[in-house]
Amino acid sequence: MAAAKQNGIQLDSNAVFYNIIAWGFFLLGMVPRKTADRLAGVLGRIWFAADRRHRDVAIENLTRAFGCEMTQAQIRALARRIFCSLMKIVFETGWAMHIKKSDMRRHFRFTGMQNLHAAMQEKKGVLVLTAHLGNWELLITAAGKLGLPISAIYRPLEFEPLDRFFSQLRSSSGASLFPKKMAMRKVLRSLADNKLVGILLDQNTGASKGVFADFFGEPAGTNKGMALLARATGTPVVPMFLVRENGFFRVICGPRLPNIKTRDKTKDIEAATILYNRVIEDMIRRYPEQWFWVHRRWKSRPYKRWDPGAGDQSASSVIDRKYRLINSKSEYRNPKQIRNSNS
């Protein structure tokens, strides 16, 4: 722990930085929401203009995903809106420090929660498939305020004071947090206790810890942990996302995803991970300005030429059939239903 003595007083620099961060977010949370959104727009544009590295990553990713659908001018305009959306998270994080349970219905809308409750009835716990979409930090807050027994696997931040702040913010709503390393035993215990375990599955993963699964038509290294857990335990997998919509935060809970289990474990894991990526991609396509495009999602590359049409055709057809079935009844496939629902 970083510490220094000054005038006979022991100073803990991590504690000092933590208090600065905590008070900074607390004060930002006092800014009215509409004013905060306008400030985020201004600061986001400044960030976009000044931060060439992340700007280039975002534009490269958007070109990879939408290059055949958008002009470069449209992609650049979307990238600018993405930076503004990310800047909103800073103000919303502070706002979350002030929110009370009685405020939930005023600021949040919920779609498809019956899917989650039905999965919990199986008493096996629930693996919550989610992504860095909208304000993912508020998803834990919303679940906790509703009294849902949620846990989350997370990657600790390198800057200890900031990591401590977010850990305390998440746990303040009742969530249990499991650092990514050595999390398996705690995850299994939570599932045995019929709790929710949230997993962000939209970050780049190397070949040693993941599989390459289609994402916007490109091979993307994706963590295989959720697929392994679902296959081994039979735990239901339910997609759950939080997005901004018309001045509200909407929690969207999709139908339970099918558990793919045949005699071929390797192909089952690949098929399930492809399915998870499709669900995430579908949500991103509906809210493209709200995803974390500044991350190098396609950084890891396959060792050999990747052919999404190669391999087990029967497994591929199973995925297509199951995905069409999910879409036919899914709350998050119909944007009009989402926007008109106040459930």
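Reader: Which residues line the largest cavity?

Author: This is a predicted model. In it, the lining of the largest cavity consists of Leu 28, Gly 29, Val 31, Pro 32, Arg 33, Ala 36, Asp 37, Lys 88, Phe 91, Glu 92 and Trp 95.

Reader: Which helix gives the most to that lining?

Author: α4 does, with 4 residues. Both α2 (33-50) and α4 (72-96) supply at least two residues.

Reader: How does the lining of the largest cavity split by class?

Author: There are 6 nonpolar, 4 charged and 1 polar residues.

Reader: And how much space lies in the largest cavity?

Author: About 70 Å³.

Reader: How many cavities of 30 Å³ or more does a search of the whole structure find?

Author: The search finds 2.

Reader: What lines the second largest cavity?

Author: Ala 227, Ala 230, Arg 231, Asn 259, Ile 260, Asp 268, Ile 269, Ala 272 and Tyr 276. By class, that is 6 nonpolar, 2 charged and 1 polar.

Reader: Where does the largest share of that lining come from?

Author: From α11, with 4 residues. α10 (225-233) and α11 each supply at least two.

Reader: Switching to packing. Which residues touch the most other members of the largest nonpolar core?

Author: Leu 127, Leu 129, Tyr 276 and Trp 293, in a core of 51 residues. Helix α11 (residues 265-286) makes the largest contribution to this core, 8 residues. Tyr 276 also lines the second largest cavity.

Reader: What does Leu 127 touch, leaving out residues up to four places away in sequence?

Author: Its partners are Leu 191, Val 197, Ile 199, Met 226, Leu 229, Ala 230, Thr 235, Pro 236, Val 237 and Val 238. One of them, Ala 230, is in the lining of the second largest cavity too.

Reader: What about the second, separate core?

Author: That core has 30 residues, including Met 113, Met 120, Ala 143 and Leu 242.

Reader: Last topic, confidence. What does pLDDT average over the protein?

Author: The average is 86, and 85% of the residues score at least 70.

Reader: Where does pLDDT stay under 50?

Author: Over residues 310-316, where the model has 1 contact beyond four places in sequence. Residues 334-343 stay under 50 as well, with 22 such contacts in the model.

Reader: How should I treat coordinates where pLDDT is low?

Author: Don't read them in detail.

Note on methods:
Residues numbered from 1 in each chain as written. Predicted model: local features only at pLDDT ≥ 70, side-chain atom pairs only at ≥ 80, totals over all residues. Heavy atoms only, no water. Core = buried A, V, L, I, M, F, W, Y, C linked by side-chain atoms within 4.5 Å. Buried < 20%, exposed > 50% of the residue type's maximum accessible area, 1.4 Å probe, protein only. Contact = heavy atoms within 4.5 Å. 1 Å grid on protein atoms, 1.4 Å probe; cavity = no way out; pocket = protein on both sides within 12 Å on 5 of 7 lines; lining within 4 Å. Points joined across faces, edges and corners; volume = space filled by probe spheres on them. Nonpolar A, V, L, I, M, F, W, Y, C, P; charged D, E, K, R; others polar. pLDDT = per-residue confidence, 0-100.
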